[in-house]
Amino acid sequence: MKKTCWIIYNGSLTSDKFLDQARLMAEACEHQDVLPTIYKNYDIPMTLHKPLDVKPDFVIFLDKDILLAQFLKNQGIPVFNDPDVIETCDNKAKQYIQLAKAGIPMPHTIVAPKVYPNFTIENSGYFERVLDMLGLPMIIKEGHGSFGMKVYLIETAEQFFEKVDSLRGVDFVFQQFIASSKGRDIRVNTIGDEVVAAMYRHSETDFRANITNGGTAEKVTLTDAQRNIAIRAARAVGADFAGVDLLFGENDEPIVCEVNAASHIRNIYNVTGINVGDQFVAHILHALEAFDEKSVHPL
């Protein structure tokens, strides 16, 4: 009997690229003789007093609805990526804490303290210390944001104080601006402990290289250092499937910008011809097989 898979994306996001991502994953399932069903997140009611009547063998979770992912996991369904991984990567502040713990090279980062919306620490001297430590220009990133959104290049003290005042009540980080990587980065897709595909992204009009923001992309051959750091970064957050963004340091040494737990795979497919989903599904099937074998023959 074929294994079954639910592929879940967020139904409130109306752009075709979210359904397209799910369809690419469904094609990958079919290539591995797995029967996929695509669901919007709201198609699955989280009815806590009643278990699901029908359960798949596993779920590919392409959304940030962490509560739904946890609900499915609590039903005994293997979820990829695990809800804890999705939650860690969805909050950049939390992600950077984990990357730093693992000693991953990344821009100098300061996690902003929690400040409630109706209060301020403006006159505490805290922000002046941040300016002294990181200097200008610097990057401010909100904890939650995708496709390069909610990432701000701060070039003046006036911009700095306006931005931090507007972010009261929001998780965010202050980060060193890597001038040597302005408008260029590398997206690396990893599956388990392997690099599956990579592309070089660059923009002439924006400090971010994201294709969504007008950047362009091409195939790239990774150095050993780039490959190793991408794998280490994905491992640091526990991701089975990750899109790791690498910056270029002053001597082109790789620096991790961030790790995405539900990275879109259409652009890298268009650039490289590789459907990352194929290896992702193969990885999942291998993991399930290893789990079943361990259950039958425990140590």
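Visitor: Hello! What do buried, exposed and partly exposed stand for here?

Guide: Welcome! Buried means under 20% relative accessible area, exposed means over 50%, and partly exposed lies in between, with a 1.4 Å probe and protein chains only. This is a predicted model, where local features need pLDDT of at least 70, side-chain atom pairs count only at pLDDT 80 or more, and totals for chains, interfaces and linings use all residues. Residues are numbered from 1 along each chain as its sequence is written, and side-chain values use heavy atoms, with hydrogens and water left out.

Visitor: Is V237 buried or exposed?

Guide: V237 sits in helix α7; helices (H or I, at least four residues) and strands (E, at least two) are DSSP runs numbered from the N terminus. The relative accessibility of V237 is 7%, so this residue counts as buried.

Visitor: Which residues does V237 touch, leaving out those up to four places away in sequence?

Guide: A contact means heavy atoms within 4.5 Å. With residues up to four places away not counted, V237 touches V85, T88, C89, Q95, L99 and V259.

Visitor: At what angle do α4 and α7 pack?

Guide: In this pair, Q95, Q98 and L99 of α4 meet A233, A236 and V237 of α7. Axes are lines fitted to C-alpha atoms, for helices over the stretch in contact, and angles run from 0 to 180 degrees between N-to-C directions. The two axes are 9 Å apart, and the packing angle is about 115°.

Visitor: Why is strand β8 largely enclosed by the rest of the structure?

Guide: Strand β8 covers residues 172-176. The reason lies in its burial, because the buried residues of β8 number 4 of the 5.

Visitor: How many bridges join β6 to β8?

Guide: Two strands pair if DSSP finds at least two bridges between them. Strand β5 (109-111) pairs with β8 in the antiparallel sense over 3 bridges, and T109 has Q175 as its bridge partner. Strand β6 (138-142) also runs antiparallel to β8, with I140 opposite F174. The number of bridges joining β6 to β8 is 5.
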